[in-house]
Amino acid sequence: MAYWLFKSEPFKWSWKMQKNKGAEGEQWDGVRNYQARNNMRAMKIGDKGFFYHSNEGLEIVGIVEVCKTAHHDSTTDDPRWECVDIRAVCDMPKPVTLKAVKANPKLANMSLVTSMRLSVQPVREDEWQEVCRMGGLSPAP
């Protein structure tokens, strides 16, 4: 299993909206960055991810899982762009802020800190465990 982080501006797509999609999930569309697209191409069914509110909130608010592997992004006719579908798994009991992530030496090399603009990022297993611990999810899902 691999771990990821998905960034969304809550006024465009919020955690509440993601949860409302239920088990069906929703395609993670609109990504127009090759590195982020390639990260989605590497995803497998069941991979877990953090749902991060960017611009507004700046915090990890939930856990998602990949429920459909990379496929054409229906929001464009351009065949270069693909996306995965994700579904909500659970709330982060205590949202983990960007400030808290940056303050934690164990997370100094996390992509959220080093590649802040990347909308779909890999997360190492040790980072996954630490962020889940910080958010009150122990053991991590």
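A residue is called buried when its relative accessible area is under 20%, exposed when over 50%, and partly exposed in between (1.4 Å probe, protein chains only). By this criterion, 48% of the 141 residues in the chain are buried. The model is predicted, so local features need pLDDT of at least 70 and side-chain atom pairs count only at pLDDT 80 or more, whereas totals for chains, interfaces and linings use all residues. Residues are numbered from 1 along each chain as its sequence is written, and side-chain values use heavy atoms, with hydrogens and water left out.

The chain contains five helices and six strands, taken as DSSP runs numbered from the N terminus (helices: H or I, at least four residues; strands: E, at least two). Along the sequence these follow the pattern β-α-β-α-β-β-β-α-α-β-α.

Helix α5 spans residues 125-134, and its buried residues are Glu127, Trp128, Glu130, Val131, Cys132 and Met134. The cover over these buried residues includes β1 (3-8), β3 (48-53), β4 (59-72), β5 (82-97), α3 (98-103) and β6 (120-123), where contact means heavy atoms within 4.5 Å. Glycine 136, with a positive phi near 85°, follows α5.

No disulfides (pairs of cysteine sulfur atoms within 2.5 Å) are present in the structure. Cysteine 132, with a relative accessible area of 0%, takes part in no disulfide, as the nearest cysteine sulfur, that of cysteine 90, lies 7.6 Å away. For cysteine 67, the closest cysteine sulfur belongs to cysteine 83 and is 11 Å away, which is too far for a bond.
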